[in-house]
Amino acid sequence: MEGRRSMQSILLWVVAVVLINALWLNVANQSAPNEINSPNQFQTHREVEISPVFGTSASIPAELSTVFESTKVSNANVSFSIKKDNQSTVFSWSGTLTDDVPIWSGELAPGSYTVETVMEEGVEVQQQLNLKPFAAIQTVGHVVLTLMLVALAWGEQGVRALYARRPRPEAAKPAVEKTPFKSQKFALEDDPLTWDEADSPWRDPIQ
């Protein structure tokens, strides 16, 4: 019976490890959208600050989608680029309004970036930068969460072992019930309340 409980406990912890890592994988794959440009708010140069995740210098997976469109002109020159510290070029593309605009995807190290977008009059642009900050520490997160669950499992087993070794108090003896008023039995000759026919007030009259 004890071995069966131990096996069930191990299986439960294995399931917990798989479940928590699956949840962390889902969280790490979530994207945080950052709007760069829109038809109502456009700037040729947009500054983007990539902050480190939990103080690490790991690069963050990123994706920049750009859509050029116009209802005023049929064709125009358009271009965009990503520069780090406004100096080194991470990615650059130029073409016309009728060309297919590529979606850039890669990794950005923590630091300052500039998205430069150039287009002719009458063209509108929609740009969005999607970041996956937790993907930068995905492997570290899996290791840390697994070790925490293993440590918790060993801790639980240790607490149970200590609890099992603790001396158990002796079973308390059942208390004798005491009745505050208990009738006392008397013998017939000793009973002071024994009724005598001679004491009856309905005796026969004296003749």
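Trainee: What does L64 touch, not counting residues up to four places away in sequence?
Mentor: L64 touches I36, F80, I82, P102, I103, W104, V115, Q128 and L129. Contact here is heavy atoms within 4.5 Å. Bear in mind that this is a predicted model, where local features need pLDDT of at least 70, side-chain atom pairs count only at pLDDT 80 or more, and totals for chains, interfaces and linings use all residues. Numbering runs from 1 along each chain as its sequence is written, and side-chain values use heavy atoms, with hydrogens and water left out.
Trainee: Which residues touch the most other members in the largest nonpolar core?
Mentor: I50, L64, F68, V123 and L129, out of 26 residues. Such a core is a set of buried Ala, Val, Leu, Ile, Met, Phe, Trp, Tyr and Cys residues joined through side-chain atoms within 4.5 Å. Buried means under 20% relative accessible area, exposed over 50%, and partly exposed in between, with a 1.4 Å probe and protein chains only.
Trainee: And which elements give two or more residues to this core?
Mentor: Strand 2 (45-50), strand 3, strand 4 (77-84), strand 6 (104-108), strand 7 (111-119) and strand 8 (124-131). The largest share, four residues, comes from strand 3. Strands are DSSP runs of E, at least two residues, and helices are runs of H or I, at least four, numbered from the N terminus.
Trainee: Where is T66, then?
Mentor: T66 is in strand 3, residues 60-69.
Trainee: Buried or exposed?
Mentor: T66 is buried, because its relative accessible area is 5%. Its side chain makes a polar contact with the side chain of Q127 at 3.3 Å; that term needs a pair of N or O atoms within 3.5 Å, one able to donate a hydrogen and the other to accept it, and residues adjacent in sequence count only if both atoms are side-chain atoms. Beyond four places in sequence, T66 is in contact with F80, V101, V125, Q126 and Q127.
Trainee: Switching to helix 1: how exposed is V27?
Mentor: V27 sits in helix 1 and is partly exposed, since its relative accessible area is 36%. V27 and F134 are 107 residues apart in sequence and 7.3 Å apart in space, C-alpha to C-alpha.
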